[in-house]
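Colleague: I am new to this structure. Please take one part of it and go through that part closely.

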Amino acid sequence: MADDPQWDDLFASPPQSDPPRGADGSRASAGALRAGVATAEPAEEVPAASRREQRDRERSPRGREKRPRGSRKGGIVLLVVLLVVVGGGAAGVAAAWGAVSPLIEKLQGEPAPEDFSGTGNGTEVQFAVTSGENGSDIATNLNDAGVTKSYQAAYSLMLADPTITFQPGSYTLQQEMSAASALAALQDSSNRVTDRVVIPEGTAAVDVYTLLADATGIPLDQVQAAAADPASFGLPAEATSLEGWLFPATYELDPGLDARGYLQQMVDTMKERLAAAGVQPADQQRIVVFASLIQREAGLAADYPKVARVFQNRLDQGMLLQSDATVAYGTGNTHRVTTTDAERGDADNPYNTYQHEGLPVGPISNPGDLAIDAAVAPADGSWLYFVTTNLDTGETAFSTTFAEHEEAVAVWQAWMREHPEYQ
């Protein structure tokens with residue numbers, strides 16, 4: 001988890017106004033990308049402004065202000081919730097939360113987490129739970145998949161009942177489920193899909209191996225051993241691992257396939273998708289690397305080509321990409337994109353695009369069609385920076401000049417002041 005500034009400190013002073021570094025050697029921070037702020041010194045960077053990263057800040061004690069002690073009535077209500085949870089388990093959580101959350105909101109003066117009502121809108125979602133994921137990871141993924149309306153809605157229920165556990169595998173859920181119904185569905189083994197494996201977009205190879213092992217029952221060490229010889233899968237010579245080449249999709253399980261067979265199926269699908277996008281064999285590895293970066297940094301579907309253009313413009317002008325996602329990947333952290341000052345300053349990390357020019361030395365995730373298409377055909381524009389200005393909607397501002405970017409950052413900061421629940 002990256003070190004996040006205290007919000008009082010963040011809003012007490014405006015962003016730094018040092019110019020970006022281009023071919024002439026001047027400086028600009030990678031806030032131009034996901035974090036959305038350019039500063040001369042890394043220690044002054046504000047935290048990343050994507051949906052995923054704002055949830056990272058929510059989960060960090062340093063990213064939240066201390067709240068005043070609640071009233072005696074609030075404590076009584078919480079005690080009632082805990083008693084119901086102890087007596088009723090997961091079902092008790094759902095019932096208790098639905099009954100008392102409005103009262104808690106009234107007594108404590110805090111808004112209840114945004115939540116859908118009911119059990120979904122009828123559109124099925126194949127949701128994957130990976131070994132090693134914690135409740136916060138699952139709450140994040142539920143929100144990213146469009147199952148729940150907010151990260152907080154699901155995570156608050158998990159905090160209320162620490163006995164809730166999750167079994168790795170793929171589950172059939174629906175879009176727009178209440179957090180309580182989504183968690184209940186994940187506790188119901190009948191929703192666990194046993195005849196397919198789901199690889200979400202942006203999943204790193206190490207996590208693909210775990211998903212495959214969990215779904216098929218093939219020991220993880222056998223899956224890892226099968227992936228150890230990337231050249232045998234017919235990849236370009238510059239590909240040193242299967243990272244980036246395992247196309248994210250839903251794959252039907254075939255008892256006749258071993259670990260290598262499943263991995264080859266994913267690689268072959270990636271080759272097919274690259275060909276469909278018009279990527280020539282000689283350019284495949286570069287597009288896979290570029291698309292993997294876009295996949296990890298972009299938010300809304302409409303913004304993928306714009307994010308691609310920001311990166312391409314910086315490459316064309318000889319600017320450092322300064323992507324925290326690449327730095328985090330190089331440290332072995334595949335589930336986050338936030339980084340520390342020390343990590344961004346580590347030139348020994350070959351994936352550190354704060355220190356090394358050009359694209360990262362290899363893919364940092366397994367990209368889907370949207371990211372591949374964006375890498376092939378970035379949007380037209382002169383942007384060099386972007387920042388998410390509304391974390392609820394994902395609205396993102398793209399800027400050409402550093403001055404414009406500072407104005408967009410101010411809009412984001414104002415939005416954050418008006419939405420303390422994201423702090």
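Modeller: In this predicted model, the side chain of Gln-295 reaches the backbone nitrogen of Gly-368 at 2.9 Å; a polar contact is a pair of N or O atoms within 3.5 Å, where within protein one must be able to donate a hydrogen and the other to accept it, and residues adjacent in sequence count only if both atoms are side-chain atoms. Residues are numbered from 1 along each chain as its sequence is written, and side-chain values use heavy atoms, with hydrogens and water left out. Local features need pLDDT of at least 70 and side-chain atom pairs count only at pLDDT 80 or more, while totals for chains, interfaces and linings use all residues.

Gln-295 lies in helix H10, residues 284–297 (helices, H or I, are DSSP runs of at least four residues and strands, E, of at least two, numbered from the N terminus). Gln-295 has 8% relative accessibility and therefore counts as buried (buried is under 20% relative accessible area, exposed over 50%, partly exposed in between, with a 1.4 Å probe and protein chains only). Leaving aside residues up to four places away in sequence, Gln-295 touches Glu-201, Gly-202, Tyr-304, Ser-365, Pro-367, Gly-368 and Ala-371, contact meaning heavy atoms within 4.5 Å.
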